[in-house]
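Subject: Structure handover

Dear colleague,

I am passing on the structure below, followed by some notes on what was found in it. Please read them with the structure open beside you.

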Amino acid sequence: MSSTLLRVCPSELKIPYEVKRQRSCCMQLINKTDKYVAFKVKTTNPRKYSVRHTCGILLPRSSCSVTVTMQAPRDMQLDHHCKDKFLVQSAVARDGATMRDLVPELFTRAPGRLIEEFKLRVVYIAANPPSPVPEEAEEEDASPRSEVTMGYEAKVSSAFDAASRCVDNSGAKLSCTKGASVVSMLVGEKVYTREENQKKHQQDMGLLREAGSPQQGFSVMFVLLVFMSSVFIGHLMKHINV
């Protein structure tokens with residue numbers, strides 16, 4: 001409904017519905033004119049709601065906030081359906097009007113008196129709506145972690161612990177950055193592993209050379225033995241021919 005005196009926001013009152021707990025909402029009243037405007041707030045269920053402020057006077061181009069509090073419900077409503085409504089009445093007051101000028105006749109219709117009405121319905125909303133949780137996320141959280149992942153986490157954790165315990169020769173704590181310490185330790189570990197692999201490779205090559213030495217000596221002695229046997233046989237054959 002369009003109005004020339006007041007603008008009421010929002011167009012409906014959304015109140016969280018929670019058993020055995022009072023909940024509130026607010027409406028904003030804005031004076032759209034250059035005149036003093038009186039207002040009055042009514043409800044179809046005054047025992048269920050308390051309103052602050054139920055009436056007042058707005059200065060030209062000013063605004064105010066009205067708080068509506070619902071009494072704590074005793075039972076839970078499954079459909080959250082509500083038939084309650086609020087009515088905001090507004091009328092032009094004299095310039096410089098105060099609360100003393102808020103008389104019932106001010107909101108009574110009469111010739112030449114402008115009275116506007118704005119209706120708002122009450123809408124119940126869930127107080128704590130559940131947040132949806134994807135089933136895939138639950139399954140991933142429930143699945144056991146692999147040994148590689150656990151080992152990596154343990155290594156990073158130990159690196160952070162070592163970086164946190166950085167001390168100098170005098171026992172005072174150093175102002176070192178944990179991230180840089182972790183990177184340095186991981187790089188050092190990689191270099192150490194590479195050096196160990198090189199040492200192992202050199203040891204294996206030495207073992208192979210040692211293993212090949214007896215075979216080479218055996219071959220030389222065999223050649224010498226064959227040579228000496230040939231000389232001896234040749235010398236023997238020469239004597240026999242003679």
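A salt bridge here is a side-chain nitrogen of Lys or Arg within 4 Å of a carboxyl oxygen of Asp or Glu, and buried means under 20% relative accessible area. Please keep in mind that this is a predicted model.

With those terms in hand, Glu116, which has its place in strand S9 (residues 115-126), is buried yet has no salt bridge, the nearest side chain of opposite charge being that of Lys32, 7.0 Å away. The side chain of Glu116 does, however, join that of Thr4 in a polar contact of 2.4 Å, and it reaches the backbone nitrogen of Leu5 at 3.1 Å. Apart from neighbours within four places in sequence, the residues in contact with Glu116 include Ser3, Leu6, Val88, Gln89 and Ser90.

Turning to a loop, Gln22 is found between strand S2 (13-17) and strand S3 (23-31), and is partly exposed, with a relative accessible area of 46%. Although Gln22 and Ala72 are 50 residues apart in sequence, their C-alpha atoms are 4.4 Å apart in space. Beyond its neighbours within four places in sequence, Gln22 is in contact with Thr69, Met70, Gln71 and Ala72, and its side chain makes a polar contact of 3.1 Å with the side chain of Gln71.

Finally, on the surface, Phe227, Met228 and Val231 form a nonpolar patch, with about 340 Å² of accessible area together. Of these residues, Val231 lies in helix H3 (residues 178-241) and is partly exposed, with a relative accessible area of 46%.

How values were computed
Residues are numbered from 1 along each chain as its sequence is written. This is a predicted model: local features need pLDDT of at least 70, side-chain atom pairs count only at pLDDT 80 or more; totals for chains, interfaces and linings use all residues. Side-chain values use heavy atoms; hydrogens and water are left out. Helices (H or I, at least four residues) and strands (E, at least two) are DSSP runs, numbered from the N terminus. Buried means under 20% relative accessible area, exposed over 50%, partly exposed in between (1.4 Å probe, protein chains only). Lys and Arg count as positive and Asp and Glu as negative; His and the chain ends are not counted. A polar contact is a pair of N or O atoms within 3.5 Å; within protein, one must be able to donate a hydrogen and the other to accept it, and residues adjacent in sequence count only if both atoms are side-chain atoms. Contact means heavy atoms within 4.5 Å. Patches are made of residues with over 30% relative accessible area and no salt bridge: like charges are joined within 9 Å, nonpolar side chains (Val, Leu, Ile, Met, Phe, Trp, Tyr) within 5 Å. Accessible areas come from the Shrake-Rupley method with a 1.4 Å probe; for residues, only the protein chains shown count as cover.
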